[in-house]
Amino acid sequence: MSFISVNKLWKEYGDQVVLENLNLEVEQGEFCTLVGASGCGKSTFLKMLLGQESQSRGELLLEGETFPAEPDRNRGIVFQRYSVFPHLTVRQNVLMGLELEQKPVLGKLFGSARSEALKKVDDMLELVGLGPSANKWPHELSGGMQQRLAIAQSLIMRPRVLLLDEPFGALDPGIRKDMHELLLQLWREIGITIFMVTHDLHEGFYLGTRLLVFDKLRNDPHAPNAFGATITYDLPIGQTDERLLRDIDQSVTNTARYQAA
Ligand SMILES: Nc1ncnc2c1ncn2[C@@H]1O[C@H](COP(=O)(O)OP(=O)(O)OP(=O)(O)O)[C@@H](O)[C@H]1O
């Protein structure tokens, strides 16, 4: 049995078919990057993995069981835009998840429970390179540092699956490279399963263990909503070459043109 199984999965909004007949088996510890034209349903797929959206048809299984219908601590998510709380310091931002989990009513930990939680928070901040910034406010951080904080906020809850929706899309190329290194280091150290959406085909081609291309096999200009996207390529990273990259780029660009028409 696979860690995650996607069987004949469809997603429709009204008469718009967004995803059609997705089939996928993912083992624990895999790092999947998702690429595809804008509007092809990559974020929708992440939302289904998160439990924020339900499928129209088909199955989504975690260790053979139906995925929990609500977001829970099994799954953490990081978005492109910073999702940190501006009125809390870096340390408080990361502590908050643990406090709300252990004290859902008061939202505060005291005594030894608080010391233990703070130790975990400081270890996590070290891991993502924010140790020296623990007492800063989010507005004092660069974009890359804010995304490190968002990643720390997710990882402190020890999710089994980390979902990343274009987490580095707003960052400068140099910072993006540093964030790739950080992500690969965290993934190796923690052994977590990752799904990451990116618009950058090169990023998708070289980061992680597996590239999933979301694309439409059929485009009908007279009925643009009639066909959804599916996984057209499922490639192990490292066994990809420039020619294939160009083919995928061409196909994704064609779909993007149809979508924009
Ligand atoms: N809640 C919703 N209600 C209706 N339609 C929706 C909803 N969420 C998404 N859609 C539609 O589903 C399609 C897929 O959207 P989605 O955001 O998943 O695409 P995407 O591949 O992640 O795009 P991008 O790369 O631009 O973020 C789009 O046409 C979008 O308008």
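**Close-ups of packed helices and a ligand shell**

**View 1. Helix 4 and helix 5 are roughly parallel to each other.** (Angles under 35 degrees count as roughly parallel, over 145 as roughly antiparallel, 65 to 115 as roughly perpendicular, and the rest as oblique.) This is a predicted model, where local features need pLDDT of at least 70 and side-chain atom pairs pLDDT 80 or more, while totals for chains, interfaces and linings use all residues. Residue numbers start from 1 along each chain as its sequence is written. To find the pair, look for residues 143-155 (helix 4) and residues 173-190 (helix 5); helices are DSSP runs of H or I with at least four residues, strands are E runs of at least two, and both are numbered from the N terminus. The two helices pack at an angle of about 15°, and their axes are 10 Å apart. (Axes are lines fitted to C-alpha atoms, for helices over the stretch in contact; angles between N-to-C directions run from 0 to 180 degrees.) On the helix 4 side you'll spot Gly 143, Gly 144, Gln 147, Arg 148 and Leu 155. Facing them from helix 5 are Ile 175, Asp 178, Met 179, Leu 182, Leu 186 and Ile 190 (contact: C-beta atoms, placed from the backbone, within 7 Å). Sorted by class, that contact holds six nonpolar, three polar and two charged residues. (Ala, Val, Leu, Ile, Met, Phe, Trp, Tyr, Cys and Pro count as nonpolar, Asp, Glu, Lys and Arg as charged, and the others, Gly among them, as polar.)

**View 2. Helix 4 also packs with helix 2.** Here the angle is about 25°, with 8 Å between the axes. That's why helix 2 counts as roughly parallel to helix 4. Val 90, Asn 93, Val 94 and Gly 97 are helix 2's part of the contact, and helix 4 brings Leu 149, Ala 152 and Gln 153. Count up the classes and you get four nonpolar and three polar residues, with no charged ones.

**View 3. Helix 2 packs with helix 3 as well.** Zoom in on residues 90-102 for helix 2 and residues 111-127 for helix 3. Their axes sit 9 Å apart, at an angle of about 130°, so this pair is oblique. Helix 2 joins in with Val 90, Arg 91, Val 94, Leu 95, Leu 98, Glu 99 and Gln 102. From helix 3 come Ala 113, Ala 117, Leu 118, Lys 120, Val 121, Met 124 and Leu 125. This contact is made of ten nonpolar, one polar and three charged residues.

**View 4. Here are the residues around the ligand.** You can pick out Tyr 13, Val 18, Gly 36, Ser 38, Gly 39, Cys 40, Gly 41, Lys 42, Ser 43 and Thr 44 (near: C-beta atom, placed from the backbone, within 6 Å). Helix 1 (residues 42-50) gives the largest share of this shell, with three residues. Class by class, the shell has three nonpolar, six polar and one charged.

**View 5. Now for the model's scores.** It gets ipTM 0.96 and pTM 0.91. The protein's average pLDDT (the predictor's confidence in each residue, from 0 to 100) is 90, and 97% of the residues reach at least 70.

Methods:
Two residues are in contact if their C-beta atoms, placed from the backbone, lie within 7 Å.
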